[in-house]
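Here is a short tour for someone meeting this structure for the first time. Have a look at it, then read on.

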Amino acid sequence: MIAYFGVVFLAMAGLAVAWQQAGLSPDQPIAFPHTIHVSKLSLPCNFCHIYVDISRHAGGPPVEKCMSCHKSIATEREEIRKLTRYYEEKRPIEWNRVYSLPDHVYFSHKRHVKAGLDCSECHGMVGAMKKIRRVGSLKMGWCVSCHRARGAPRDCATCHQ
Amino acid sequence: MKRRDFLRVLGVLSGSTLLSACGSKTSKTFVSPILPPEEGVIPGEAYFSPSTCTECPAGCGLSVKRREGWPIKLEGAPGHPINDGGLCIRGQSSLTRLYHPERVETPMLRNDRGKFKAVSWEKAFSLVSESLAGSRDAGRKNLYLSGRTTGSLSRLIDAFCSRLGVERLPEFEVYSHSAVAEANGILFGERDVPRYRIGKADLLLTVGADILATHVSPVSYTRELSRARSREDFRWFHAEPHLSLTGANADRRFVVRPGREAVLLAYLLRQVLDRGPRRSGLPQEAVDALPRFSVGKASEKTGVSAEELAELADRMANARHPLVIAGGVSTSHRGGLEVAALAGMIQWVTGEIPRLVDFARNEKYGGTGTFRDMEALSARLSRGEAGVLFLSRTNPVFSLPGGFAFRENVRNAKLSVAFGDLLDETMQEADLILPLSHSLESWGDVEPRRGVVSLVKPVLAPLYGTLSEGDILLRLMGAVSGEGPATGYRDYLFAEWTKRFGKKGKDAFSRNGFVVEALPGTRVTLNGTKAAALLKDATAEGREPETPVLVLVPSLRTFDGRSRGLPLLSEIPDPLTTISYGRWLSVSPGTAKVLGLKDRMEANVSSGGWSQVFPVKIQPGLAEGVFVASRDFVDSPPLATDGRTGEATWFLEGIRIGKSGRVAAIPILSGSPSQRGRGLIPDPSHRDEKGHHGKESFYPEHEHKGYRWAMAIDLALCNGCSACVAACYIENNVPVVGKKDHLKGREMSWLRIEPFYGETGNVDFLPMLCQQCDSAPCETVCPVFAAYHNPEGLNVQVYNRCVGTRYCSNNCPYKVRRFNWFWHTWRKPLDRMHNPDLEVRGAGVMEKCTFCIQRIRAAKDRAKDDSRKVRDGEVTTACAQSCPTGAITFGNLLDPESKVYRLAHLARAYRVFEGLGTKPSVYYLGGAKGGPEKEGHG
Amino acid sequence: MDKPDKLARVEQDVLSAMKRPGLAYLAALGCTAALFLGLLGFWGYQMKTGMGVSGLMHPVGWGVYITNFVFWVGIAHSGTLISAVLYLFRARFRTSFNRPAEAMTVFALLVAGLFPLIHLGRTWKFYYLFPYPTQRMLWVNFRSPLIWDVFAVSTYLTVSVVFFYVGLIPDFAIVRRYKEGLAKRIYGFLSLGWTGTRRQWKNYNQLYLFLAAFATPLVASVHSVVSWDFAMSIIPGWHTTIFAPYFVAGAIFSGTAMVITLVVPMRKILVLDRYITDDHFESIAKILLFTSLIVTYSYIVEFGLAFYSGNPFEMEEFRYRALGDYTVMFWIMIFCNSLAPLTLFVRSLRRNVKYLFVLSLLVNVGMWVERFVIIVSSLARDFDPYAWGTYTPSIVEVGITLGSFGLFFTAYLLFLKTLPVLSITEIKEHL
Amino acid sequence: MASWGNLQPLSPEFYSLLRHGLFLVLFLHLLFLGFLVGGSTVSLLLNFLGKEKRDPSYLRFSQELMRTVLISKSALFIFGLVPLLLVWFVYARVLFVASPLPWQFWAVILAVLTLGFVLLFLYRQARERTLELFPMTAAAGAAGLLAVILAFFLFSAGYGILFNPAKLPLLQKQIRFFLSWNAVVKFLLFLAFFFGMTGGLILLLCGRSAEGGEGMNAGYRGLVHRFGANLAILATFVLPVFLLLDLVTLPEIALSAEVFVFSAAVLLLSLAVCLTLFLSDGKGKGGPGGRVVFLFVLIFLAILLHDDAAVGNAYQDRIAFLTMQKAAVTAEAGKEAHREESASAEKTETDAGQVVFEKICAGCHRFDIRVVGPPLNERVPTYGGDVEKLKAFIRAPVKVNPGYPSMPKLGLPEEEIDAVARYLIAHVKEETSK
């Protein structure tokens, strides 16, 4: 009996670890607060994610763009100092992905944006997240059920390559 | 200006990082570059930039497909004066040279123990400049030997040599066509290979010239040829002693006894003189010198049947614009000069100079030296006259006859400096190796044809510490003079271009990637006395090589052997023999029977002191007593040189063949040389009787909405050049699996060229790819719907759904599905070539052609942006794009306006194994070589 | 001697097999188990490195693995046949064979079930083959014979296990009497509190009859489905209507042979001559002969069809099968399956147990080879001549094949020690 | 669809209030329903066993059980039906949108549930009258039971939605998105708990009825005890499995450390239950009933907490969003007040303009000095008082001065643009005039 419960307990622990690994909200090289930029300054998403409506990839802002404001704003803050360091050392910033799809999936931000989806439908209320946290499961079921509900194409070849 | 530079560099830099960001979606990071990449560069979108192919001297225009800053595919530049969109198998594979794992990365110096050691450029330069001075003082001559070089680089080399007192030697090319050049020199005073305007001819006679595979500018010839072939009245005959890809594709092929082409041409010339369209006469003395042959005599001498000769003569006489191209094997023997001369005279007589044979726009082989020059050089080296010897982009140690003892003599140079990218035989003999950048990493220009300048433009920063030859020379000059390099090669070029084309011209040049200059035509006149002298004993006995002969031919896949190093090229089989890896000896069926040789048996070939063992491949259509091997199978072959032209003969004469008794393991991919009457390629006479599949389908028909993608392949145009195969490999991340798996029959090619031989040795090529059947055997048997039919008529294979039962492959009558037997890997940095639009399939997954679905997807994406349907021709597959003959057409079968629709409804359109009722979407256009409704093969 | 003694004697004899294992037994068990471990090793290696470690290639995508699958499913068949069908026909000689035969069925099916998994390129994704609802809305393709297989085999396995178990219940009760301690409790539990009341016997017989009736059609259906794996394709040499009956006959043929192979030594070692007599063997031999004739007939018909079809693909295929790269295999098959069994027309040979044993071995070999020839030679020569190729098995495939025999005999040996090898109750009935 | 759909949660506090309300309601409702379901099932079971075994004590037991299960109609109503309505209300508000589960759905649940109750009641009456069990009554009982269970399944399907906000938009479109493995698992989890619970209650409440001989009673008590104990143990063994499955099927965002902790708690508690039952011999006064029931209540508590935490995680960002909204609103209010006394003479639209300016523009612009954008005193005059031109620029900003970052497109409503433009021009005019 003890053994049985032990096993179950281990399994549960395993799940916990797995969930830990899943990394819903990884740390970033610079703790960028969407709360300020999205909610307070109400910048549109594609102000920084420049490619979101012209390419598959949303893309990140060129550091130059960040600097254009942060040359003058909040320059004394630690995070901004980091940013300036990147800029001066001409090192591109490598953000940790929160949303990443496997290689066999073709996904185009452009198509979804042009289809009139709001970013929040997949990315949640980013404006309220101090640290970005994944809200969708990004599993196939998640994609399909939405495609189904909205009558989007469900031919395998639309997303699989 | 400065900022743009900065951007360019960073564009490249960020490109590298961006790739990690977007290329592979699985990567755990995504990147904010410092600066936005160059204009028009959008991560996730492909973009193209112009450049020029340097894999062989032809100089085809490229448009380089790039993603996130990395070149991932080479395509022919549409509208380019040389190749106009087509690109050959070697050109396609040139990308694997850029990313080759074994590239030389830094300058390397041979230390006292004879081992190479990496050194810095500065060290290398100082070393060279010192020994330049040193040897000058020591009374030695500094020499500069390079492969064929054109354009600004050639001028820069001249400048370099004159500045530093270096003697520039005549360029060394294995295939320098010097016999042809020589003949033209003697007859017309134009020592060069003229430009042949095949497109404008109505009769083409090629004598030995392998114009489809390796002769001078294959892609350009192929393009023009297929343009000509689309005309009803055009005929093409080919005469050769052996069997070449070109011969296999001619309307009719004449097998001439080795070295007897002169007789054939003399006979024809006489015929033309007697009854032909003699627009410009032949001087009397020449006419008298011209030997007379009766048809019988000629046929008996040449081995071509009398009827065929007569017919050829008639056609020649009646043709309005006949064109004769002699070259290759037929001009590379003791009588080669005469053959070339006779061809020239026929052109003269028929008055097609300069209409078809244009000396104004010659192919610029005047500057290239001959084997004789190399012999001289070797001698000088042995006498120890050489101080510093520069060897640039050339491999004489490998190509020169062993008799020249070049390998040994190179060592006598005080300092031999070799430029190159992959370590070849010559570089291994050198003392100092200076690594060259790939043309995709460097600036430059080439002028493959007079008046045609093509741009070489970097698409990425050099992967390693390599330099372009121009930069090396400039920096050397700087090092010698001591005040450092005046300018970089790029600025040097810009200056050159501005000088040559003017400011506007230069910009246009760097935008379009090429310039065609207006040139004055050149009038030439035939020198009668010299002609007569040549004709006197043009057809004398005893000139021709004694049989049995071994003909060493240039290879479609490696040219003169310079492309041997590229993995992709040995993965793709030779179209005639379907052998992929290793060397072989082609033997005619008759001879094989006599000697009791079978495929794969090893035969020992010996002539004089030289001998070598080859596995045998029986080659239908090959004449008795003639054996063929590719030039690059033989290291420094014992070839004689023709004293007058300096051309090396291609023949090993009077060879002896012996069985070694062993059987070699060479991958012969074809399971059967003939199609066993299975009608994969129905012969023209029976084309109409297709086996229709009367039975009802058990399953409901698919209805296709919007699109039904289909392909039409014109077998009359397809010449088996395999460019499409290479394109497919690179476009679709198809793995290179190597010899071991090829022997097991596990090659992964999605698209293959199937040669099928007829009784007469004629051969047809059938490009076989997934037929995207409408009722596909593979779909019904897949238990998990990994193979399914999509609404656009594609048999999609969902790789991640596949469990690997292999039932689909079993059930595919075309056997075009490929199974991943292992986890295939790409040696770094070859994986940079991956097309990020496709995943790389893992072990245990079935994969196959899907009509480049990623390209279709991209096109539909574009169309959707401005809410319209995809236009005809807007999307095409990689194979269709690369095809130099334009044999492949891709499009939407539901659109009656589309080209593919028209072709699919031609009378000669058929589908393979129609009788099985698979209803393929690939339509083949049957019919004899040489396009619609022409007579069959010789 | 008088009845009760006899009855007691039966129990003694049969259960004597279940006493402590001897050294020989353990040795045998060790060998077979080792073989099985080998299988696991090779399989793991194959999964890690890729299918390439097998000899499979383009165009021959199926080889030894599928051969083994068909072979074992075939073996499984005669079990049901002998116990169920013969039970329905009230064939008395069945009683001495049914228990081992049923055991054989179950074990053979277990082994057979492995091979579809082994031959998958991505074994770890095997669950894709089962229909289960998810939001991904992925389903299996019911048009694919492979899916029919999944169902056919699993159904057959379930039914045979149930049939086997039900047959065992009364015997469990008997065994329970002879055991004590934990063993007694286990057998007691297994016997489901069987007391042998009149009512229980009544229900029991009904159930058993029903199960027999239910299993019988499966004999035909399951192997027909297996044969359709091939017949439903379009490959010359596979795509033919005769396959279903042909395979069923073949299955029974091989199965019967296997029964002989197993029972002969068993009878010798466990001294059961009293219950398994030569008459019994003779009747089995007759079945063997009969099915052999059917199989031979099918061979002839196949060639006939190909020849008269006038279809170049078919004709070439069968020419190749008889004279091509696999000609040796082909003629072995002809000898073992068609020629050798003809000797059974001789009565003395039918009653000669040793001879039967040898013959049964030959037939086993022959039937395995038959499947190999059908599968491989057809694939090696299909439509496109360019893509022709020949296949030779690799060491891994050989190892896994041996391993499968290892698993089978391991299971069988364990069966000998743990369960009554003959149906005691039935023998009693017929005394 | 319900008409009061456009109601939005007013504040995060209200939000969590709702959540805890839900928690409480479920606590009462499900405990009750649990015993009902479990009890009546067991009682029915006992009937058949009794028939089989010809043993009256079974029938007696089942009768008693029914009696204890169905205390009174009012109880049924209060604990069985009313809570559901509350739950519906809570859902409607928690899930932002007006009842993502359309009211028909709830109606069905209610209807089925009531039906179930009624049938069970009838059954109980029948059992009261006689020990003998007629097929009709049995059928009624079974039907009632099934009805209740069905209703409960539907309910837990709805409950499952609560943990997967990603599904909400889909639900509006297609109702079939209810079903999810998580819902099924939850259903089974609760069912398992119910039976355990029942087992415990049996130990606690049953086997006390005094009629019949003493020996008889002993046997009866033994029976009851055995039954209860086995039931409880069985449940505690199954419970963890379903708990695991629940963790597997919950969407990742719903998970968190707390969730796992509570699950672990459930595990330990069930272990405790097992131990108590194994250690206690059925005899002895009182028996382990009390302890077991107590433990089960704790288990249930843990389960609900686990769910509550999960919901919390699932809606984390929405709650955060609300908090921010609230903050914004209060800030706004503050500004309002401040502006009241400061600006009184100014015209209204510039006033509005100023509001917009402080809300949006002030982030980057000041009038006198460079911040992110250029000082407005320099830029604005270049428009020479042309409001339309300025508006056009604000509508679609274009990079003018390379020295500055490009101004984002703000997408303000037209009237705000108009207001702010007027405000700027007016304000700059007076600034410069000074």
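## A strand tucked inside

B:Val453 sits opposite B:Val515 in strand S20 of chain B. Before going further: this is a predicted model, where local features need pLDDT of at least 70 and side-chain atom pairs count only at pLDDT 80 or more, while totals for chains, interfaces and linings use all residues. Residues are numbered from 1 along each chain as its sequence is written, chains are lettered from A and ligands numbered from 1 in the order in which they are written, and side-chain values use heavy atoms, with hydrogens and water left out.

S20(B) (residues 514-516) runs antiparallel to S19(B), and three bridges join them. Strands count as paired if DSSP finds at least two bridges between them; strands (E, at least two residues) and helices (H or I, at least four) are DSSP runs numbered from the N terminus. On S19(B) there is also strand S18 (residues 444-449) of chain B, paired in the antiparallel sense over four bridges. S18(B) and S19(B) make a hairpin with two residues between them, and B:Gly451 in the turn has a positive phi of about 85°.

How much of S19(B) is buried? Five of the five residues (452-456) are, so the strand is largely enclosed by the rest of the structure. Buried means under 20% relative accessible area, exposed over 50%, and partly exposed in between, using a 1.4 Å probe and protein chains only. In a regular strand, side chains alternate between the two faces of the sheet. Here B:Val452, B:Ser454 and B:Val456 point one way, and B:Val453 and B:Leu455 the other.

Contact means heavy atoms within 4.5 Å, and the partners listed leave aside neighbours within four places in sequence.

| Residue | Loop | Relative accessibility | Contacts, including |
|---|---|---|---|
| B:His215 | between S10 (203-207) and H6 (218-229) of chain B | 5% | B:His177, B:Asp210, B:Tyr221 |
| A:Ile30 | between H1 (2-22) and H2 (34-40) of chain A | 6% | A:Leu83, A:Tyr86, A:Trp95 |

The C-alpha atoms of A:Ile30 and A:Ile80 are separated by 8.2 Å, though these residues are 50 apart along the chain.

## The cores

A nonpolar core is a set of buried Ala, Val, Leu, Ile, Met, Phe, Trp, Tyr and Cys residues joined through side-chain atoms within 4.5 Å. The largest one has 289 residues, and B:Phe851, B:Tyr924, C:Trp72 and C:Val421 have the most contacts inside it. Helix H5 (residues 145-178) of chain C gives the most to this core, with 15 residues.
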